[in-house]
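Hi there,

Here is the structure I promised to pass on.

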Amino acid sequence: MAADVELLLLFLLAARGPAPAGAAKMKVVEEPNTFGVNNMFLPQTNRLQPKREPSPLSGPERLFRLAGKCFSLVEATYKYEFCPFHNVTQHEQTFRWNAYSGILGIWQEWEITNNTFAAMWMRDGDSCRSQSRQSKVELTCGKSNQLAHVSEPSTCVYSLTFETPLVCHPHSLLVYPALPEDLQQRWDQVEQDLADDLITPQGYEKLLRGLFEDAGYLKTPGESEPTQQEGGPMGLGLETLENCKKAHKELLKETKRLKNLLTQHGIPYTKPPETSSSERLGHKTPTDRSPEQLGGDPGLHGNFL
């Protein structure tokens, strides 16, 4: 009887045929695959790796209540998220294995135009060719807080429009009222110096830039970046009369040294033509040289030579 059962089992196995090649290598996958850092099954905290921390809160205090919140907008197959004073992100809404999720900019500084907070700049986003992605966010009046529009006017540079009732008052984005009292007084002095012709419009703009940097509204240039106007004699900035006098003194010393050097080597030099006192004081006639011929503006009105 046992022999009959064994023969029956052998017959059934023979009827099924040989096992498929490689059947022993099959594996049942019970978890979702994770292709790359942008896979949709991974948490966003694991996918988005910012290059740096956001800049501190700055600007009108009424806008600080937006910090810690995020506002999204879906356009085509992309979801955009704007987190004020933090970052801007983009998430591709598809099931492609390499669907993109990335950072379009991290909060850095304000854009200030005509004493007004014109826009928020989000920079140092994900790499894009030879640059980093960045976003400019303009704030406009609206009935509710919402991200209203997103576009990409140039490659890797994005433009966002954020609507909020917090900026509906005509003075809500003015810079001067947002400054602490000591910086307001400093601005008052700069305005007075401009009115008294102690500084030029170029010097005025540079002093205001420094004021906004001290307030935290603009990013301070790094140490490797120039902090003075190019062409300043002996490396001196010429925003003040005292610095202008120092630069003049250094120029006279250098001129004397060069004259002596030419004399020692028997090289003749031509003395520049004499100018009238009115020309030395900066009183020009309509036939004088054009501003383009005068080189750079040192940051002070008049000629203190």
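A residue counts as buried under 20% relative accessible area, as exposed over 50%, and as partly exposed in between. Cys 70, at 45% relative accessibility, is therefore partly exposed. Please keep in mind that this is a predicted model.

Cys 70 is bonded to Cys 83, with an S to S distance of 2.0 Å. The torsion about their S-S bond is about 105°, so this disulfide is right-handed.

Cys 128 pairs with Cys 156, and here the sulfur atoms are 1.6 Å apart. Because Cys 128 sits in strand β6 and Cys 156 in the loop between β9 and β10, this pair ties together parts 28 residues apart in sequence. Cys 141 is joined to Cys 168 at 2.0 Å, with a torsion of about 90°, so that disulfide is right-handed.

On to the sheet: it is open, has eight strands and mixed pairing, and runs in the order β1-β2-β3-β4-β5-β8-β10-β9. Its edge strands are β1 and β9. Within it, β5 and β8 run antiparallel and are joined by three bridges; Trp 121 has Lys 136 in β8 as its bridge partner.

Finally, the largest nonpolar core has 38 residues, and Leu 63, Trp 110 and Phe 212 are among those touching the most other members. Both domain 1 (61-174) and domain 2 (179-220) supply at least three residues to this core.

Best wishes

Terms used. Residues numbered from 1 in each chain as written. Predicted model: local features only at pLDDT ≥ 70, side-chain atom pairs only at ≥ 80, totals over all residues. Heavy atoms only, no water. Pairing = 2+ DSSP bridges. Helix = DSSP H or I, 4+ residues; strand = E, 2+ residues; numbered from the N terminus. Core = buried A, V, L, I, M, F, W, Y, C linked by side-chain atoms within 4.5 Å. Buried < 20%, exposed > 50% of the residue type's maximum accessible area, 1.4 Å probe, protein only. Domains from an automatic or database assignment. Disulfide = S-S within 2.5 Å.
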